[in-house]
Amino acid sequence: MGRLFACIISPDLKRDKASLTTVAKEFSYLIETLDDGILFDVSGLDRLIGDRDAISTKILEGLRRHNLAGKIAVAETIDSACLLARQNTVSNTVHSQETFSQLPLSDLPIERDTLNVFNDLGVRKVSDLLSIPHDDLITRYGKDFRNIIDVIEQKSSAILVPNIKENRVHWSYDLDQPVQDFEQLIFLLNHGFEKLFAATRDVGLSSEHLDITFTLKGHQPKNYEIKTSFPTLERSFWLKLVNLRISLDPPEAEIIAVKVTAHFTKPRPSQRGLYAVSRPEPESLLLTVNKLKKLVGEENVGMPVILNRRLAEPFALDSDLLPVGSENIQLEPRLPTLAFTYYRPPQHAEVVYRDGRLVFIRTRYFDGYVCEYSGVWKGSSSWWDKPWKTQEWDVEIENRGIYRLCRANREWFLLGEYD
Amino acid sequence: MQYTLDVSTQPDSSVMAILSLVKPASQLQEEQKHVDQISLDLTGLAFDRGSLVDISGGSASGKTAIAFSLLAKLTVDGEICALVDSTNGFDPRSAVASGVVLENLLWVRCSGDVEKAFMAADHLVQAKGFGAIWLNLGGLPLNKLRMVPKTYWYRYRTRIKETPTLLFVTAEEPVTGSASQQTYTFSSPGRAKWSGSGKFKLLRSLGIEMTSRKQFYGRPLQTTIEADYTNG
């Protein structure tokens, strides 16, 4: 038997594309995605599975296993397989080769005028057209009609163009003995990364996303999704990063198997600008940030962000963001601006006021007369959710400095200092 | 046949042109020195990259304002800077008002832990490539800071020597000893300027004095720090 092609037409390809590809991969590596389905080469499977009907039935089982709907056809040519599968019948049906001759001519790529003529002549099915001498048809409708004849004779020379590319590569290892400490697996992962990255490099791609799955003894598998903001195949960098991430959230039981998946992405261009300013290497920055997160806690390392909300302190630290090194419009040279620094926690203060004026402030660390002050500055919001209210003064204390004073629950506090 | 070089004759103009491109080593060193300087215009301060700078001063001495000016200058150019915030007192609103680009700033909060602050600075120094690392030790107890071995500072100095990074340390009193290349003590000699009257006053500006502890006979630098209310 020569070539064999299978076609699955899906009612909703957008939704089922990934699952259909999975089913197709069970039968073939040569897969082409169509506008309405999927086409794959099943040549040679007749020896393993059986005739066309057996192959079709096997594919149908695959669809049912994945809860998919679709119309299946297996034929010797691509056009025949597609035409058969596209027949307007119910889903999860297998179209046999015998039904090909019963296909209506309207399914073939024949011009409307020609189709009308055939219709008037009573030629409505493929079998009707096959009975007309082919030379006469070519003489009447031109050389291009040869292609139609090739389709109905199932001699079409259309070729399958694989357009499904691998987007990831896996590596897995079953350990001989369970391992408690992840660090003991570093040398093993090093070996795995070497293979994974070699496979990635072979296809001219890089990776910025690794999935690591540990099969644990007596527990559910533990998954780690490790992403970087840049693609790299530097093994030592990935090993350090993986080690840091896993040390933040170690597996709760002994490891008995490891599986690593590297997701492909385009490699990073290595050429930089001639006048680019100095920045840490992305690998170095990411590793440093992870070391810092391990040291001071994940929530304490990141980028400061100003919140677009009315709050007493409308800023936050976003631990998911990293500095990007974006260039901005150069500002004109200007004098330094008075900066504020918070006291954490605020310092308790005793305040003497006379005739509604602040006169003297005493704290645990210092005391002094108030030279000047401004305020009261009042703020409040979120009365519907988590209400907050502030009463603040900017206070200059003689020979000490300038502070922000606040009053809450009949008590006074120094919120911070101007510096 | 013999060729001799007649040194008595004047070299032609093309030879002179080539010779003029060759600079003496002293001039090259001088140029190199100034390329690697970060100067804060209008304050008169200039810091060498790859060095350790120690700024000390009490409340309202302007050390935070100068640190923000430095971060603003570097982050606007696209350099990535880091802040080791030992007491979590950093106010991003003030930083933005000073012109700091927050997208280019890494903020590390150490919640008052001196050891973690120094270890964080160590990690950052090792990363190399940061424009500046600001180790803000303001607000930490001075007795704890005095217990930090001086070798820490020499370690930092050695680490950043060949990098473009400026390690900028601020505290209430000088802490780095002789490990720092520049040490300044900031103070506010006069009172702050306020505008308005009665209850409707606003803090406007503050004059500060910057005295170098490495140049005993130099005159202190003076500048003014202005309050910015443009962003509310």
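**Close-up views of a predicted two-chain model**

**View 1. Overall composition of chain A.** Buried residues, those with 20 or more other C-beta atoms (placed from the backbone) within 10 Å of their own, make up 28% of the 419 residues in chain A. This is a predicted model, in which local features need pLDDT of at least 70 and side-chain atom pairs count only at pLDDT 80 or more, whereas totals for chains, interfaces and linings use all residues. Residues are numbered from 1 along each chain as its sequence is written, and chains are lettered from A, with ligands numbered from 1, in the order in which they are written. Chain A holds 11 helices and 17 strands; these are DSSP runs numbered from the N terminus, helices being H or I of at least four residues and strands E of at least two. Of the contacts in chain A between residues at least 6 apart in sequence, 59% join residues at least 24 apart, a contact being two residues whose C-beta atoms, placed from the backbone, lie within 7 Å.

**View 2. The contact between chains A and B.** Chain B contributes 66 residues and chain A 53 residues. On the side of chain B that touches chain A, the elements supplying at least two residues each include α3 (63-76), β5 (105-109) and β10 (200-212). The largest share of that side, 7 residues, belongs to α3(B).

View 3. Strand β10 (residues 301-306) of chain A pairs with β5(B) in the antiparallel sense over 2 bridges, where pairing requires at least two DSSP bridges between the strands. V301(A) has V108(B) in β5(B) as its bridge partner.

**View 4. The nonpolar cores.** A nonpolar core is a set of buried Ala, Val, Leu, Ile, Met, Phe, Trp, Tyr and Cys residues joined through C-beta atoms within 7 Å. The largest has 104 residues, and L71(B), V84(B), V108(B) and I133(B) have the most contacts inside it. Its largest share, 8 residues, comes from α3(B). Neighbours within four places in sequence aside, L71(B) is in contact with C81(B), A95(B), V100(B), L105(B), A132(B) and W134(B). A second, separate core of 36 residues includes F5(A), A24(A), C82(A) and F100(A).

View 5. Strands β14 (residues 367-381) and β15 (residues 388-397) of chain A are antiparallel partners over 10 bridges, with S374(A) opposite D394(A). Their hairpin has 6 residues between the strands, and S382(A) in the turn has a positive phi of about 55°. β15(A) also pairs in the antiparallel sense with β16 (residues 401-408) of chain A, over 6 bridges, and E396(A) stands opposite I402(A). In this hairpin 3 residues lie between the strands, and N399(A) in the turn has a positive phi of about 60°.

Definitions and conventions. A residue is buried if 20 or more other C-beta atoms lie within 10 Å of its own, exposed if 12 or fewer, and partly exposed in between; C-beta atoms are placed from the backbone.
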